[in-house]
Amino acid sequence: MATKKSAQKTMQNELSVDDYFAAIVDDSRRADCIALSALMQKTTKLKPKMWGTSIVGFGSYHYKYESGHEGDSCRVGFSSRANAITLYIGSAFAESEVLMTKLGKHKIGKGCLYLKKLSDVNTAVLTQLIKCAFSEMERRYPSASQ
């Protein structure tokens with residue numbers, strides 16, 4: 001029996017990053033997201049793009065799992081969620097464990113880093129985490145378009 005291939009829901013699009021930030025109700029959270037976007041742009045040297053309606057991403061790559069499922073995603077990105085700012089930076093790179101111990105107040109999930117406030121963390125360490133994560137994605141997916 002053939003399985004139905006589902007369409008990818010979160011894709012890069014032409015929605016406005018500035019409009020996304022403007023829609024964040026909490027002033028402090030909005031300021032943190034704008035600052036985080038600037039930090040990621042400086043670190044990756046790429047402009048932010050919207051992925052779906054709620055992820056601000058930098059760069060892109062194409063993945064394909066052994067199951068046959070494939071798609072595109074941002075190399076690094078973030079989203080303002082109800083309880084935290086979720087950073088999509090992965091954690092499968094050599095420096096991540098050591099850097100996480102120096103980061104400050106945060107939580108970790110599968111491939112995600114959760115921050116309540118940007119002021120809770122050491123931004124120099126966060127910058128290094130983003131740089132390492134982005135480099136690791138470039139190493140794993142070198143043929144991806146920017």
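The legends below describe close-up views of a predicted model.

**View 1. Helix H4 and the cap at its N-terminal end.** Helix H4 covers residues 123-140, and its 18 residues reach 25 Å from the first C-alpha to the last, close to the 26 Å expected at 1.5 Å a residue.

**View 2. The largest nonpolar core, with 32 residues.** Within this core, Leu36, Phe78, Leu87, Ile89, Leu113 and Leu126 touch the most other members. At least two core residues come from each of helices H1 (17-22), H2 (27-44), H3 (96-103) and H4, and likewise from each of strands S3 (55-58), S6 (76-80), S7 (85-88) and S9 (112-115). H4 gives the most, with seven residues.

**View 3. The surroundings of Leu87.** When neighbours within four places in sequence are left aside, Leu87 is in contact with Leu36, Met40, Gly77, Phe78, Gly111, Cys112, Leu113, Leu115 and Leu126.

**View 4. Ser80 in strand S6.** Ser80 counts as buried because its relative accessibility is 18%, under the 20% cut-off. The side chain of Ser80 is joined to that of Arg29 by a polar contact of 3.1 Å. Apart from neighbours within four places in sequence, the residues in contact with Ser80 are Tyr20, Ile24, Arg29, Cys33 and Ser54.

Technical notes
Residues numbered from 1 in each chain as written. Predicted model: local features only at pLDDT ≥ 70, side-chain atom pairs only at ≥ 80, totals over all residues. Heavy atoms only, no water. Helix = DSSP H or I, 4+ residues; strand = E, 2+ residues; numbered from the N terminus. Expected span 1.5 Å × (residues − 1). Polar contact = N/O pair within 3.5 Å; in protein donor to acceptor, adjacent residues only side chain to side chain. Core = buried A, V, L, I, M, F, W, Y, C linked by side-chain atoms within 4.5 Å. Buried < 20%, exposed > 50% of the residue type's maximum accessible area, 1.4 Å probe, protein only. Contact = heavy atoms within 4.5 Å.
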